[in-house]
Amino acid sequence: MPVSSVRWFAQNFLPNHRFTDSVRFREALDRWTLDNPQPTNLPQSEGMYQDRNGVVYRVQKAQAGHLYALTLNPQTGHFDFIRGAIAQLDESMRLTLEQCQEIGRAIGRCVVCGARLTDPDSVVRGMGSVCARKF
């Protein structure tokens with residue numbers, strides 16, 4: 001279940017005390033909320049981020065103007081949309097250029113666009129030449 005869904009349940013689920021499973025579910029939600037505090041300093045700008053579990057995100061601006069996050073699938077190099085992923089990020093999780101390059105070298109893909117790195121200079125750099133100019 002996506003984290004955003006668990007957070008919704010944690011905020012909105014009211015147990016029916018006639019059913020013990022309902023009460024246990026509420027208690028489990030309360031424990032989860034304590035163990036997974038919501039970040040207070042959400043990303044304010046586009047860029048690359050990495051959470052505590054090592055998942056890499058690309059935060060970008062939607063046409064409507066708000067920010068959203070895509071997660072990097074290291075096997076395919078594609079960035080996948082997961083609703084509410086940006087709510088898991090904090091501005092302190094923003095990656096530096098060096099960190100992006102290190103991840104790119106490790107997975108053999110450009111961490112910015114996900115393209116496979118084939119050019120020897122790009123492999124050493126850890127990101128493609130076009131994305132390096134943008135970064």
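The largest share of the lining of the second largest pocket, three residues, is supplied by strand S2. The model used here is predicted, so that local features need pLDDT of at least 70 and side-chain atom pairs count only at pLDDT 80 or more, while totals for chains, interfaces and linings use all residues. Residues are numbered from 1 along each chain as its sequence is written, and side-chain values use heavy atoms, with hydrogens and water left out.

**Exercise 1.** Describe the second largest pocket by its volume and its lining.

*Solution.* Begin with the term: on a 1 Å grid over the protein atoms alone, a pocket is an open set of points where a 1.4 Å probe fits, with protein on both sides within 12 Å along at least five of seven lines, and lining residues have an atom within 4 Å of a point. The volume, the space filled by probe spheres set on the points, is about 160 Å³. Next, ten residues line this pocket, and Glu46, Gly47, Met48, Arg58 and Val59 lie nearest its centre. Strands S1 (47-50) and S2 (56-61) each give at least two residues to the lining, strands being DSSP runs (E, at least two residues) numbered from the N terminus. Finally, the lining divides into five nonpolar, two polar and three charged residues; Ala, Val, Leu, Ile, Met, Phe, Trp, Tyr, Cys and Pro count as nonpolar, Asp, Glu, Lys and Arg as charged, and the others, Gly among them, as polar.

**Exercise 2.** Locate Arg83 and decide whether Arg83 is buried or exposed.

*Solution.* Arg83 is found in the loop between S4 and helix H3 (97-107). Exposed means over 50% relative accessible area, buried under 20%, and partly exposed in between (1.4 Å probe, protein chains only). Arg83 therefore counts as exposed, because its relative accessibility is 64%.

Key:
Helix = DSSP H or I, 4+ residues; strand = E, 2+ residues; numbered from the N terminus.
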